Structure formats: C-alpha cells, structure tokens
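Here is a short report on a single chain. Look at the fold before reading on.

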Amino acid sequence: MKAVVVTDEAAGTAGMALVERPEPAPALNDVVVEVHASGFTPGELTWPSTWTDRLGRDRTPSIPGHELAGVVSALGYGTTGLSVGQRVFGLTDWTRDGTLAEYVAVEARNLAPLPGDVDFTVGASLPISGLTAWQGLFEHGRLQPGQSVLVHGAAGAVGSMVTQLAREFGAYVIGTGRTADRQAALDFGAQEFVDLGNDTLEDVGGVDLVFDVIGGDIGKRSAGLIRAGGTLVTIAGPPEARPADGVAVDFVVVPDRAQLGEVVQRVRDGRLRTIMGNVATLDDAVAALNPTERTTGKTIIRVRS
C-alpha cells in the first residue's frame, strides 16, 4: 500500500516521504480500515509516541496521522461491534502506525459508525477537535448551563468546536483570537470577542471556565481570571500558573465511541460545523502538508475518491 512515512524527527513535515509499505494485519480486537480520508496534526511530529513505541524502542519509519474515516475491510480475532463494509471514523492509537496510508489497523473501540450522509472528509476532520472540545468542557471542565467560558483560539479547529458546544449547552461564551478571527468566532457562537493583539485580556473579569489551547503567557494570565470553584482546562501542556481558588487540568484527548457519536450527530443536524481547509490526495499529501503559505483550517488527505 501507499503510505506517508517519517524517519527524521529533526526534519518535521519536510522529512515526510510517500513510499510503499506492507498492508497491516489486524491484531486481537482490531479492525483494518480502508482509509478514505485522513486528518493530520503537525504537532504530532514532536510527540515521542511518533518515534518510539510504548517500551521506548525506535519505531521508524512510522506512518503519521491519527484521524480517519473509511470502511472496515477486515476484523481481528475477537473483534465485536463493527462489521466488514461498515463506514467508520475515529482516532487511532498514538504509538501505532497512523492514517496517512491506504489501510490502517486500529482498535475497534476507537472507532464509531459514520452515517452515510456525512462525507468521509468531514468525518476525518472531527475526531481530535471534537473529542478534545467535548472532554475538556464536560469531563474535565464540568461545565454547567449558565456558566461563563473563555475560549482561546475560538476560530480555530478546537476552539470553534468548544465555542459551539459550550453555547449549545447554555454557557456564556467569550472567544479570543487575532483581529481577523473576530467575525468567525462570533459566527461560531461567541457572545463577546477579545482581540489578544489589541485588547486587554484582564478586562474580561472573572469566568467560570477557561479553555486554553495557547499556553505560555496567555495561559498564565488566564489562571487569574478563574472565579472561586472554577476550572482552567488546557491542552497546551502543564499549566505554568494555577487559579487561586479553582483547579487547573491539562489533558490529552482519548478515543471515545459514544462521544464521537454525539459529535457526528450534531454535525448531521447542523448544530456543529467543522473547519476544513485544503483537501488533497495521498499522492499530493507531502506537498499539502508542507504549505508554502499560511493556510486556514485542517488539511484533509482524501485517500480514496
């Protein structure tokens, strides 16, 4: 099969190459998925799990990409809950070969059914941003209706999902971003917008929940905005500052079939919109994932038309 591989951690996306690799075989409780569309997060090339296995052994050349939508083509021994020919989407294991390939082996529990009226490219754009938003708001942030939420990067892939879900849940949403992001953040449901380049973040006052995707100085200053009993949730690594009278949680997204179902149902009925950027073929994936100019939205690789 054709697959994109990486072998040199220092090279980043520039070290990607399209090669022939053997098709994967399904292990216990796995399925093999014929990949139709794949999502890729550039940050994964800095994750140790891209380069070494769970025992710390080198696993290059490794296939990156952890989001996929496709069709089940084979079942491993003992696999239940999915069937050959079924449309699925989901999030693959960080320490195994990923989805920038024609086929991928993945634990069945990491996948959810993809309804027939949702395009494969849309399905591949959802797992990381949708699950990150869901878990950050409801599991780690314990959001309650009527609370106020400060969403950093509200026009980005994760932030836009956070904004839409929090607004649907009855929260008061304040989005942040660059000047150019204002209208998009408001369109996604933010009731206020803070321009991080020109406005003063502290003018927001107190909030019940901060969802931080930026870290650094913005993350530190955000800790001071948390009301008593509130929560700072971050995916930008361990927080450098913690709320005086609240809690701080940094987390890594995990696969969850039920939550994937919640996300895709909202996409189907129009409550949730995903941000997709460039859609490229697998043959053009290396160039598409090394853009020469700034792009908006997540680049999706369409593996099969």
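Helices (H or I, at least four residues) and strands (E, at least two) are DSSP runs, numbered from the N terminus. This is a predicted model: local features need pLDDT of at least 70, side-chain atom pairs count only at pLDDT 80 or more, and totals for chains, interfaces and linings use all residues. Residues are numbered from 1 along each chain as its sequence is written, and side-chain values use heavy atoms, with hydrogens and water left out.

**Backbone geometry**

Asn-29 sits in the loop between β2 (17-20) and β3. Its phi is near 65°, a positive value in a residue other than glycine. Arg-142 is also not a glycine, and its phi is positive at about 50°. The loop between α3 and β8 (148-151) holds Arg-142. Thr-60 and Pro-61 are joined by a cis peptide bond, with omega about 0°. Pro-61 belongs to the loop between α1 (48-51) and β4 (67-75).

**Accessibility**

Buried means under 20% relative accessible area, exposed over 50%, and partly exposed in between (1.4 Å probe, protein chains only).

| Residue | Relative accessible area | Class |
|---|---|---|
| Asn-29 | 38% | partly exposed |
| Ser-38 | 0% | buried |
| His-140 | 21% | partly exposed |
| Arg-142 | 45% | partly exposed |
| Ser-160 | 0% | buried |

Ser-38 is part of strand β3 (residues 30-39). Which side chain does Ser-38 join through a polar contact? The partner is Thr-99, at 2.7 Å. A polar contact is a pair of N or O atoms within 3.5 Å; within protein, one must be able to donate a hydrogen and the other to accept it, and residues adjacent in sequence count only if both atoms are side-chain atoms. Contact in general means heavy atoms within 4.5 Å. Leaving aside neighbours within four places in sequence, Ser-38 has contacts that include Glu-67, Leu-68, Ala-124 and Ile-300.

Ser-160 lies in helix α4 (residues 157-168). Beyond neighbours within four places in sequence, Ser-160 is in contact with Gly-153, Ala-154, Ala-155, Phe-188 and Ile-275.

**Helix α3 and its surroundings**

Helix α3 covers residues 127-140, and helix α7 covers residues 257-268. Their axes come within 10 Å and cross at roughly 110°. That makes α3 roughly perpendicular to α7. Axes are lines fitted to C-alpha atoms, for helices over the stretch in contact, and angles run from 0 to 180 degrees between N-to-C directions. Angles under 35 degrees count as roughly parallel, over 145 as roughly antiparallel, 65 to 115 as roughly perpendicular and the rest as oblique.

On the α3 side, the contact involves Pro-127, Gly-130, Leu-131, Trp-134, Gln-135 and Glu-139. On the α7 side are Gln-259, Leu-260, Glu-262, Val-263 and Arg-266.

His-140 is also in helix α3. Not counting residues up to four places away in sequence, it touches Gln-135, Thr-231, Val-233, Val-249 and Phe-251. The C-alpha atoms of His-140 and Ala-11 are 35 Å apart, for 129 residues along the chain.

**Annotated domain**

UniProt, in an unreviewed entry, places "domain: Enoyl reductase (ER)" at residues 12-301. This span is 23% helix and 27% strand, and its end C-alpha atoms lie 18 Å apart.

Technical notes
UniProt positions renumbered as here; feature names shortened; annotations may be inferred.
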